[in-house]
Amino acid sequence: MGKKSKKQKDSGKRAAASVEGKELSKQQKKQLMELVTQLLQTCMVIPDGPKEYEYFVELHSIVGKIRALQDGLSCPPLDREKAIPEFLEWVRKHGVDTSAVEITSFPDCGYGLQATKDLKETDPFLTIPRKVMMTTGTAKESLLGPLIEEDQILQAMPSVVLALHVLCERRQPDSFWEPYINILPNEYTTPLYFSPEELLQLKGSPAQSDCIKQYRNIARQYACFYRVFQTSQNAEKLPIKDCFTFDDYRWAVSTVMTRQNQIPTPDGSKITFALIPMWDMCNHCNGTITTDYNLEKDCSECFALRNFQAKEQIFIFYGARSNAELLIHNGFVYPENELDRIAIRLGISKGDPLYEQKNELLKKLGLSVLRNFYIHTGMIPVDPQLMAFLRVFCMSEENLKELNSKELSEADADRLGDIDFPVSEENEEKAWAFLQTRTALLLRAYETSEEEDIELLKKEDMNIHERLAVQLRMCEKRILKATQTYAGERKASVKGDKSETAAA
Ligand SMILES: C[S@@+](CC[C@H](N)C(=O)[O-])C[C@H]1O[C@@H](n2cnc3c(N)ncnc32)[C@H](O)[C@@H]1O
């Protein structure tokens with residue numbers, strides 16, 4: 001499956017030669033190549049902190065010029081609604097039992113699956129055989145095969161392989177996966193689609209920098225593959241060779257990012273990336289992973305994560321992701337996210353007179369002197385790694401000497417991360433005071449308050465990108481505020497305990 005007959009391979013050539021609509025002139029092709037080279041050179045630069053946003057504006061402007069030249073060259077739009085009946089017929093023909101589910105449009109999360117009957121927690125509701133999936137394996141068997149064999153980037157990046165595979169199959173008139181591709185969204189809400197003004201809404205959030213890094217990576221990949229398609233003999237037969245637009249690549253990458261799953265290879269020896277038709281119509285909610293791969297039957301099996309009544313939307317759990325990760329990789333924010341967290345970067349200054357001793361102890365704990373930690377939503381925002389770092393950060397010379405002079409047992413290391421085992425009253429007070437101040441500073445980096453964000457979200461005419469950015473920063477502020485309060489309470493309780501002791 002996925003292997004094309006000679007007839008199919010020839011039709012790939014046809015598709016490439018007759019890209020509907022616009023043909024670029026020689027002059028335009030030259031201009032495009034110059035812009036792609038400029039993009040590649042700009043992508044070589046790794047911007048530093050304060051200049052990062054300006055860098056994004058520059059990248060976005062070069063990409064804008066490329067997109068303008070490519071106007072009319074991208075794939076024609078898809079009509080999802082119209083394509084659903086044929087898609088259902090196709091999956092059923094290939095052995096998918098769709099009797100428990102229906103594809104329906106839901107407010108706020110696009111299409112999804114609705115239960116046609118009551119389902120009990122753990123009931124199986126969808127089984128998808130490998131033969132309908134698009135995988136890195138089917139990519140290797142397609143027209144892309146020779147290029148994958150030649151290109152080291154492709155060999156190391158299965159998601160890129162899958163993105164190019166989807167794009168080639170979208171351009172292939174008689175693709176096996178045509179009924180599946182036709183029900184995919186026309187565009188996504190991943191930050192790859194954000195304008196500089198929209199990205200500005202994330203000012204103060206650590207996610208802004210991650211969005212820029214993602215944009216730079218995808219722009220660089222685009223520029224690299226644009227050149228590969230112009231020069232490699234193994235790209236000659238690809239239906240995207242002469243019409244590889246930035247918009248199409250961004251669409252393909254977003255398709256893969258928002259829908260891919262990992263499955264074992266047929267022999268079970270490795271893990272591969274896959275797009276799983278029909279299963280990938282499920283939207284996300286809190287819970288646990290309930291999709292498994294049955295190697296014996298060679299299919300993906302999905303079970304209900306809770307009871308669902310007939311007519312209710314069936315959700316699955318995509319995995320433990322923060323809202324920033326959900327926005328960047330999945331294009332949505334989930335305010336009810338029980339596993340939300342925000343990254344904070346902490347480090348010991350080289351100017352700290354106890355730098356060496358702190359470094360030594362952190363090494364013993366498997367922590368580095370500068371790294372990202374997380375604070376979490378929920379009752380206890382601080383995890384053991386952060387707790388241990390805060391304690392070492394605020395430790396006295398005496399404590400450091402004592403701990404560095406001996407072999408640290410697992411129990412010693414665990415105690416340093418255990419919220420209920422202070423090193424000393426002084427250390428505890430300092431650690432919580434530090435966290436309280438740091439969260440207050442981080443909150444000040446945003447240009448709006450949580451209350452202002454809540455008001456903004458009441459506006460109905462806000463565009464979806466801005467809405468997502470405002471939702472994300474609102475969720476982040478909630479975590480920071482809760483942590484600030486929590487740290488303040490813990491600090492006060494150390495003092496309280498002290499005064500109690502003094503009174504006793
Ligand atoms: C695997 S697809 C699910 C099907 C998708 N809704 C569609 O129309 O094709 C994942 C995408 O669904 C949307 N999504 C999933 N869960 C969501 C949720 N809880 N809230 C909002 N959007 C959600 C996001 O756009 C995400 O990128």
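Mentor: H14 and H16 are oblique to each other, because their angle is neither under 35 degrees (roughly parallel), over 145 (roughly antiparallel) nor 65 to 115 (roughly perpendicular). This is a predicted model, where local features need pLDDT of at least 70, side-chain atom pairs count only at pLDDT 80 or more, and totals for chains, interfaces and linings use all residues. Residues are numbered from 1 along each chain as its sequence is written, and side-chain values use heavy atoms, leaving out hydrogens and water.

Trainee: At what angle do H14 and H16 pack?

Mentor: About 45°, with the axes of helix H14 (residues 355-364) and helix H16 (residues 397-404) 10 Å apart. Their crossing is left-handed.

Trainee: And what about H8 and H12, how far apart are their axes?

Mentor: Helix H8 (residues 158-171) and helix H12 (residues 246-259) have axes 8 Å apart and pack at about 120°. H8 passes H12 in a right-handed crossing.

Trainee: New topic. Which domains supply the lining of the second largest pocket?

Mentor: Domain 1 (6-77 + 134-275) and domain 2 (341-503) each give at least three residues; the bounds come from an automatic or database domain assignment.

Trainee: Which elements, then?

Mentor: Among those supplying at least two lining residues each are helix H11 (206-231), strand E11 (341-347) and helix H20 (464-503).

Trainee: How do the lining residues divide by type?

Mentor: Eleven are nonpolar, six polar and seven charged. Here Asp, Glu, Lys and Arg count as charged, Ala, Val, Leu, Ile, Met, Phe, Trp, Tyr, Cys and Pro as nonpolar, and the others, Gly among them, as polar.

Methods
Helices (H or I, at least four residues) and strands (E, at least two) are DSSP runs, numbered from the N terminus. Axes are lines fitted to C-alpha atoms, for helices over the stretch in contact, and angles run from 0 to 180 degrees between N-to-C directions. A crossing is left-handed if the near helix is turned anticlockwise from the far one by less than a right angle, and right-handed if clockwise.
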